[in-house]
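We'll go from the ligands to the domains, and then on to some local backbone details.

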Amino acid sequence: MKVSVDLNRCEGYGQCVFAAPDAFTLHGLEALTYVPNPPDEMRDAVHRAALACPVRAITVGTGNADEPATTSGENGRHVVIVGASLAGLKTAEALRESGFSGQLTIIGDEPHRPYDRPPLTKACVSEKLPPDRLELPVTRPLDARFRLGVPATGLDTDHRLVRLADGGTVGYDSLVIATGTRARPFPGGAADDIDGVLTVRTRDDTEELQRRLARPPRRVVVIGAGFLGGELASGCRELGLDVTLVEAQATPLQGPLGSVIGGVVADLARDKGVDVRMWNTVERFVADGTGALRQIVLSDGAAVDADLAVVALGAQRNVEWLDDSAIRADSGGVHCDDQCRALGHDGQPVPDVYVAGDVAAAPHPLLPDRRLSVEHWGNAVTQARTVAHNITRRPGQAPIPHTGLPAFWSSQFGVNIKGVGYPGIADRIAVVQGTLGQGSFSVLYGREDRTVAAVTFDNGRYLHYYESLVRQGAPFPAEFVACDENTARALRPVGR
Ligand SMILES: Cc1cc2nc3c(=O)[nH]c(=O)nc-3n(C[C@H](O)[C@H](O)[C@H](O)COP(=O)(O)OP(=O)(O)OC[C@H]3O[C@@H](n4cnc5c(N)ncnc54)[C@H](O)[C@@H]3O)c2cc1C
Ligand code: SF4
C-alpha cells in the first residue's frame, strides 16, 4: 500500500490524524507528515483517513505501476515519457484516466520507480524516514513499460525517435519531456574531491546523507538558505546536531519571498539554535590528509569547523540530452506554449512533443511577457494533467491551456510555510492577518498595484481565498477588512 498527500491542498485540519494516528502526524499547527507505505494492518484506518479528508488531499494506491490496464491497444499509438518521476508518472496516470489505451513507455535515468522528493529534506532527515519508502502511489493500473537506469541521450523529431545511452532507440507517436532538474553543484568544482560535501536531490543522495548524519558529524554546514537549505538545517537541528546556515543574501529565502519575510525565517532559525551566517559565501573548503572535510572558510574570513556540508544552491534543468534536437531548450528549461507543447527553434510547436514539470519553461496568463519554470510539486501534477488531456483529446474537443498558479509548501523551524502565485516578482507586501514573526500570519504580495502572490505561515487554510485574489489580479493592497486590525495597514517594501 502506498500513500501520498498533496500538501498544497492539505489545510491541516487533522482529520486524517484522528482516523489513522499511526500513519499521519501533525507537527506544530499544520505541518503534516505521513507514513508513505503503511503496513497492511493500517489499511482500513488509512482508507478511513482518505475519506475523512475534507479537501481530498490523500491518495491511496499501489506501487504496481506496470500492472496491465484493462484496456486494449489503440491503433498501436505509442506515448513515450522521458523522466520517471512525479511529472512522468502523473502524466501516465492521467493518460490512462483519459482513456488512452495505447502503448506507454516511461524512460528514467535513475534506477528507481517514481518516488516523492519533498520528504527527502524533511521527514527523511528529522524523522529518519528511509528514502526507499517514498515510491509514489498509482491509483490505477498503468500498463506501462518502464525503462529505468537508462538516460535518454538524444531526440530525433523527424523520425520520432528517442536515443538511449545503451545505444537503443524508442519510437514514439507522442512524446512527453519530463526530465526535471538536478542539484546545482558547488561552483567551480571546488568541492569535487572533498569527502563530506553533498547535494540532496535524489533518493540515493538522501541515503548517503542519512549515513553521514548517523555517525554523527561534529557540525553540519548548509550552504544556501533557500527552501531546501532551510529544511535541511531545520531537520539537522531536530536531530540535535550543530548546524551553520550560510547564505550569500541578507536573509534566507530572499529571492523567492523577499528579505522582510526572509528575516522572519532567519529569526526562526536562530531561535532553534542554528548558527545563521548571512551575507556570506564559501571561500574555500579545507580537507585533512585523507581528503575529508575539516573546515569551511567563509567570505567574511570566519572559519567554521565542520565535517559535513550540504550544498543547497538550487537546481539545473536536465536539457542537455536535447542539445542537437529541434526543441528549443536552455538553462531556463524546455520552452513550451500554454498547452504545454514543446516549441522548436522557430518558436512554433513541434508536432506531438509536450513538456511537464520542473523542466518546462511555460507562459502564464498572469505573466504574458515571461516564460517561467516552476519547481514545485503541484505544478508538475497540473501540467501532467494538461499534457494528458491535450494528447488524448478527441477530434473537435478543445485543447486546454495550463493556467495553474504556482503553489508551494515548506516546513522548517516548526512552521508550515505555504504560498501561491509569484512572490518573486513582487515589489511590496502587506501583512493581512496576524503579525510578522508572531505565530500564524498571512502576507499578500503586490506588483504595480496588482496582487501577485500570497504567503502564509501556519495559516494555510486561508490560502484559497488569497489564491482567488491573485487569480483575479485583484488591486493591491487588497480591499478587504483583515481579521487582525493591528496589521491591516502593514504595507512595506518586499525587500530585495
Ligand atoms: C529535496 C526536495 C524537496 C522538495 N520539496 C518540495 C516541497 O516541499 N514543496 C514543493 O512544492 N515542491 C518540492 N520539491 C519540488 C518537487 O519535488 C518537484 O517539483 C518535482 O519533483 C518535479 O517533478 P518532475 O517530474 O518534473 O522532475 P524531477 O522530480 O526532477 O524528475 C525528473 C526525472 O527525470 C530524470 N531524468 C533527467 N534526465 C533524464 C534523461 N536524459 N533521461 C531519462 N531520465 C532523465 C531525472 O533523473 C528524474 O528522475 C522538492 C524537491 C526536492 C528535490
Ligand atoms: S486536510 Fe486532509 S490531509 Fe490535511 S490534515 Fe486534514 S485530513 Fe489530513
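Ligand 1 lies between domain 2 (64-182 + 318-392) and domain 3 (187-313), because both domains give residues to the shell around ligand 1. Keep in mind that this is a predicted model.

**The two ligands**

How many residues surround ligand 1? There are 36 of them, and the closest are Gly83, Ser85, Ala87, Gly180 and Gly357. Helix H3 (86-97), strand S6 (103-108), H9 and strand S28 (407-412) are the elements that give two or more residues to that shell. Sorted by class, the shell around ligand 1 holds 17 nonpolar, 13 polar and six charged residues.

Ligand 2 has 14 residues around it, with Cys10, Tyr13, Gln15, Cys16 and Cys53 the closest. Its shell splits into 10 nonpolar residues, three polar ones and one charged one.

**How the chain is divided**

Domain 1 and domain 4 do meet: six residues of domain 1 are in contact with seven of domain 4. On the domain 1 side, the touching residues are two nonpolar, two polar and two charged.

An unreviewed UniProt entry lists residues 78-384 as "domain: FAD/NAD(P)-binding". In the model, that stretch is 21% helix and 31% strand, and its end C-alpha atoms are 17 Å apart.

Val387 sits in helix H9 (residues 377-392). Is Val387 buried or exposed? Val387 is buried, because 32 other C-beta atoms lie within 10 Å, and 20 or more is what it takes to count as buried. Setting aside neighbours within four places in sequence, Val387 is in contact with Thr91, Val176, Cys340, Tyr354 and Ala356. Further along the chain, Ile400 comes 13 residues away from Val387, and the C-alpha atoms of the two are separated by 8.6 Å.

The buried residues in H8 are Ser259, Val260, Ile261, Gly262, Val264, Val265, Ala266, Leu268 and Ala269. Just after H8 comes Gly273, with a positive phi of about 95 degrees.

Most residues other than glycine have a negative phi, and most peptide bonds are trans. The table gathers some exceptions.

| Site | Backbone feature | Value |
|---|---|---|
| Arg215 to Pro216 | cis peptide bond | omega near -15 degrees |
| Phe476 to Pro477 | cis peptide bond | omega near 0 degrees |
| Leu253 | positive phi, not a glycine | about 55 degrees |
| Glu448 | positive phi, not a glycine | near 45 degrees |

Where do these sit? Pro216 is in the loop between helix H5 (203-213) and strand S14 (220-223), and Pro477 is in the loop between helix H10 (463-472) and strand S33 (490-493). Leu253 lies in the loop between strand S15 (243-246) and helix H7 (254-257); with 26 C-beta neighbours inside 10 Å, Leu253 counts as buried. Glu448 is in the loop between strand S31 (438-447) and strand S32 (450-457). Glu448 has 10 C-beta neighbours inside 10 Å, so Glu448 counts as exposed.

Methods
Residues numbered from 1 in each chain as written. Chains lettered and ligands numbered in written order. Predicted model: local features only at pLDDT ≥ 70, side-chain atom pairs only at ≥ 80, totals over all residues. Buried ≥ 20, exposed ≤ 12 C-beta atoms within 10 Å, placed from the backbone. Helix = DSSP H or I, 4+ residues; strand = E, 2+ residues; numbered from the N terminus. Near = placed C-beta within 6 Å. Nonpolar A, V, L, I, M, F, W, Y, C, P; charged D, E, K, R; others polar. UniProt positions renumbered as here; feature names shortened; annotations may be inferred. Contact = placed C-beta atoms within 7 Å. Domains from an automatic or database assignment.
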